[in-house]
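Here are my notes on the fold you sent over. Have the sequence and the viewer open while you read.

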Amino acid sequence: MKKIMATLLAVTLTISCMVGCGKKSENGSVKNDDFTTLRIMYPSVNGAQKDVEEVQNALNVLLKDKLNCAIELDAPEMGTYAQRLPLALQANEDVAIAWANFPIILQNVNKNAFAPLDDLLKSNGKELAKVFEDGFLDKVKINEKIYAIPVNKEFCAGSANYFDKEIAERNGIDVKSLKTALDYDKAFEKIKKNEPGITPLWSSKEQAIFSMESTNPEYPKYEEVFGISWMLIDPKTDKVQGIYDTIEPEPYEYMKKWVDEGVTNADTATTSVGRYKAASAGKTWMISGSSKPGYAAEASADLGREFIQGYAAQPKMSIASMLGSAAVIPVGCKNKEKAMELLQLIYTDKEVLNLLQFGIEGKHYVKNADGMLELPPGVATKSDSGYNPGINWIIGNQYNNYLWKGEDPQKWEKFKEFNKEAVLDKSNGFVCDTSKYKNEIAVITSEYQTAYQMLAMGTSSDVKDSIARMKETMLKYKADEVVQEVQRQYDEFLKTK
């Protein structure tokens, strides 16, 4: 890194002179052997970073030697990214690599906004393909093609609730035993009685009821029909069903009870403060998050007090969880071959990856005698360092990430075991064609979201009646016909497996 800093200015000036000087073909694309600048777009989870340009310059020192290119980091905060990416895709801007999750991928594959990567992996990304186990990338194909490269991390979806250890122990609550709504009801009653100033169940517009589906083994497990939020598949019977036929009243009746009894915060219906942020302010004792290994330690370090994991069901794996965080190459990219080579370098080169993830050694972090990262002397928090984008799960190969002091040295081995424990959805790879009922699905989805929000927020006057009226309204707009069409497509899909 000292060498990088010593030559940074000279190389930066050289790059500045060379950017845009590569020879272009008649269609505007850049020849792969010419020097070029590649723009990558991703959200900076912790907001825009003060030292991002300095990190970009340091990366360009490495990339000039390793790949004969420069990089432009376009990394706004998450909300701005969600607005900017669609505009960039619509305008066919020259973006080499972009971050996407499964809903973004599915939506834009249907719009032909992302380039298929199969041939590029064979020609310019052979080492990138080797990062994953044989056959893994076949599991993330959409319409028989690879459109996105997953961040190499945990690939299964598992959720759990986490609890302030001190509060749980003080109240004699065994958090591993909390599985049913009744279990939670008894625990919440203790917290409400014994812990003044602590909200037993923090709720907001974005995060109301916690998922009984993922925390309670007694609840039936369904698989999603991707692209239709109100439709599910029963893997035992292969039956496609509208959520109005699978939804169970109990969690929502308890949610209503908790709202009525003041177990939740009074501003549930209006606040945008989520459960995690409320916990960081000491307002609640429970948060919800991934059941991945190490989450409790990460949350504890971040929140400043020890949180422990409650019960977690067996994690499930699907194309949605595997592509929960991934890299894509937009069709507007002028040099897709070089973009693939850059993506390959990010996944295989530890120096490049960790510089992008954590910044410059000696300024944004230091390594201790055990090789773990710590904050430099005089820097109180990661945010104070000038570069803490929080993108370790946004791009690259997490198994090459440095670990911070306090993290489990066996973290990545445990990630691999976590992935092995997951059950792959039977419906994995099924993507239905909704074009025939596009308008009906839009109306039904809107009606469902309105009705569900009331149930989840605990504001329904009568839960069972609300579910019945929700079903009636959805059927009025031909929800049953849409279910039948998806069932027909799913039956055809199963024949190919």
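1. Let me start in a sheet: Met41 has Ala98 of S3 as its bridge partner. Strand S1 (residues 36-41) and strand S3 (residues 97-100) run parallel and are joined by two bridges. By "pair" I mean that DSSP finds at least two bridges between the strands; helices (H or I, at least four residues) and strands (E, at least two) are DSSP runs, numbered from the N terminus.

2. A word on what we're looking at: this is a predicted model, in which local features need pLDDT of at least 70 and side-chain atom pairs count only at pLDDT 80 or more, while totals for chains, interfaces and linings use all residues. Residues are numbered from 1 along each chain as its sequence is written, and side-chain values use heavy atoms, with hydrogens and water left out. The protein chain averages a pLDDT (the predictor's confidence in each residue, from 0 to 100) of 88, and 90% of the residues score at least 70. Keep an eye on residues 1-29, where pLDDT stays under 50 and the model has 35 contacts (heavy atoms within 4.5 Å) beyond four places in sequence.

3. Back to the sheet with S1 and S3. Five strands make up this open sheet, in the order S2-S1-S3-S13-S4, with mixed pairing. Strand S2 (69-74) and strand S4 (149-150) are at the edges with a single partner strand each, so one side of each has no neighbour in the sheet.

4. There's also an open sheet of three strands, ordered S5-S12-S16, again with mixed pairing. Its edges are strand S5 (156-157) and strand S16 (423-424); each has a single partner strand, so one side of each is left without a neighbour in the sheet. Strand S12 (residues 316-317) pairs with S16 in the parallel sense over two bridges, and Lys316 sits opposite Val423 in S16.

5. Now a hairpin. Strand S8 (residues 231-234) and strand S9 (residues 239-242) pair in the antiparallel sense over four bridges, and Ile233 has Val240 of S9 as its bridge partner. Four residues lie between the strands, and Asp238 takes a positive phi near 65 degrees in this hairpin.

6. On to helix packing. Helix H10 (residues 249-260) packs on helix H18 (residues 463-476) at an angle of about 130 degrees, with the axes 9 Å apart. Axes here are lines fitted to C-alpha atoms, for helices over the stretch in contact, and angles run from 0 to 180 degrees between N-to-C directions. H10 and H18 are therefore oblique to each other; the scheme is under 35 degrees for roughly parallel, over 145 for roughly antiparallel, 65 to 115 for roughly perpendicular and oblique for the rest. Pro249, Tyr252, Glu253 and Lys256 of H10 meet Val463, Lys464 and Ile467 of H18.

7. H10 has another partner. Helix H8 (residues 181-194) packs against H10 at about 15 degrees, with axes 10 Å apart, which makes H8 roughly parallel to H10. On the H8 side the contact uses Ala181, Leu182, Tyr184, Asp185 and Phe188, and on the H10 side Glu250, Tyr254, Lys257 and Trp258.

8. Last pair: which residues bring H2 and H14 into contact? The axes of helix H2 (residues 52-67) and helix H14 (residues 336-348) come within 12 Å and cross at roughly 115 degrees. The contact is made by Leu63, Lys66 and Leu67 of H2 with Lys338, Glu341, Leu342 and Leu345 of H14.
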